Amino acid sequence: MRAIPLAVALLLAIAATQVAHADDMPGMKGMSSTPAAKTGKGTGVIKAIDPAAGTVTIQHGPIPAVGWPAMTMTFKATPVALLHGLKVGEKISFGAKVMGASDEVTAVRQN
């Protein structure tokens, strides 16, 4: 096995540190690898509730603010207390937060 010269190893370590801290540097906001959260409001019908998992499945209409068409999907309830008092088949209005593949319901109002 061939050894990496110390100078090359040191340069690689410095470069990795600079990339890891790009979010901390002024003017580097657009270079973050973490997607920005999107929020939106929707209406729909509750199809399932899983209190143990802290999730609710909602068949909802389009939510343009997050770029979603009408569909049925499962959301994490944040906080889980949002699930209290909800029933399958109930019509609701809700707030959603989307960050990457993480979809959360952040507010629920029974209609």
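Gly54 counts as buried because its relative accessibility is 2%, where buried means under 20% relative accessible area, exposed over 50% and partly exposed in between, with a 1.4 Å probe and protein chains only. This is a predicted model, in which local features need pLDDT of at least 70 and side-chain atom pairs count only at pLDDT 80 or more, while totals for chains, interfaces and linings use all residues. Residues are numbered from 1 along each chain as its sequence is written, and side-chain values use heavy atoms, with hydrogens and water left out.

Gly54 lies in the loop between β1 and β2; helices (H or I, at least four residues) and strands (E, at least two) are DSSP runs numbered from the N terminus. The two strands form a hairpin with four residues between them, and Gly54 in this turn has a positive phi of about 75 degrees. Leaving aside neighbours within four places in sequence, Gly54 is in contact with Phe75, Lys76, Ala77, Val80 and Leu83, contact meaning heavy atoms within 4.5 Å. Gly54 and Leu83 are 29 residues apart along the chain, yet their C-alpha atoms are separated by 7.6 Å.

## Chain layout and barrel

The protein chain has one helix and five strands, which follow the pattern α-β-β-β-β-β when read along the sequence. The five strands close into a barrel in the order β1-β2-β3-β5-β4, with mixed pairing; two strands are taken to pair if DSSP finds at least two bridges between them. Neighbouring strands of this sheet are turned by 55 degrees against each other on average, direction ignored, the axes being lines fitted to C-alpha atoms (for helices over the stretch in contact) and angles running from 0 to 180 degrees between N-to-C directions.

Strands β1 and β2 run antiparallel and are joined by six bridges, while β1 (residues 38–50) also pairs with β4 (residues 91–99) in the antiparallel sense, over eight bridges. Gly44 takes part on both sides, standing opposite His60 in β2 and opposite Ile92 in β4.

Strand β5 (residues 102–110) runs parallel to β3 (residues 71–77), and two bridges join them; the bridge partner of Ala77 in β5 is Val105. With β4, strand β5 pairs in the antiparallel sense over eight bridges, and Ile92 stands opposite Gln110 in β5. These two strands form a hairpin with two residues between them, and Gly100 in the turn has a positive phi of about 65 degrees.

A cis peptide bond, with omega of about 0 degrees, joins Thr78 and Pro79. Pro79 lies in the loop between β3 and β4.

## The nonpolar core

In soluble globular proteins, nonpolar side chains tend to be buried together. Here the largest nonpolar core has 17 residues, and those with the most contacts inside it are Val56, Ile58, Trp68, Phe75, Ile92, Phe94 and Val105; such a core is a set of buried Ala, Val, Leu, Ile, Met, Phe, Trp, Tyr and Cys residues joined through side-chain atoms within 4.5 Å. Strands β2 (55–60), β3 and β4 each supply at least two residues of this core, and the largest share, four residues, comes from β4.

Val56 touches Ile46, Ala48, Ile49, Met73, Thr74, Phe75, Leu83 and Val105, not counting residues up to four places away in sequence. Phe75 and Leu83 are also among the contacts of Gly54.

## Ser93, a buried polar residue

Ser93 has its place in strand β4 and counts as buried because its relative accessibility is 14%. The side chains of Ser93 and Asn111 are joined by a polar contact of 3.1 Å, that is, a pair of N or O atoms within 3.5 Å, where within protein one must be able to donate a hydrogen and the other to accept it, and residues adjacent in sequence count only if both atoms are side-chain atoms. Apart from residues up to four places away in sequence, Ser93 touches Gly42, Thr43, Ala107, Val108, Arg109 and Asn111.

## Whole-chain totals

Of the 111 residues of the protein chain, 26% count as buried. Among its contacts with a separation of 6 or more, 49% are accounted for by residues 24 or more positions apart. The accessible surface of the chain comes to about 7500 Å², of which 64% belongs to carbon and sulfur atoms; these areas come from the Shrake-Rupley method with a 1.4 Å probe, and for residues only the protein chains shown count as cover.
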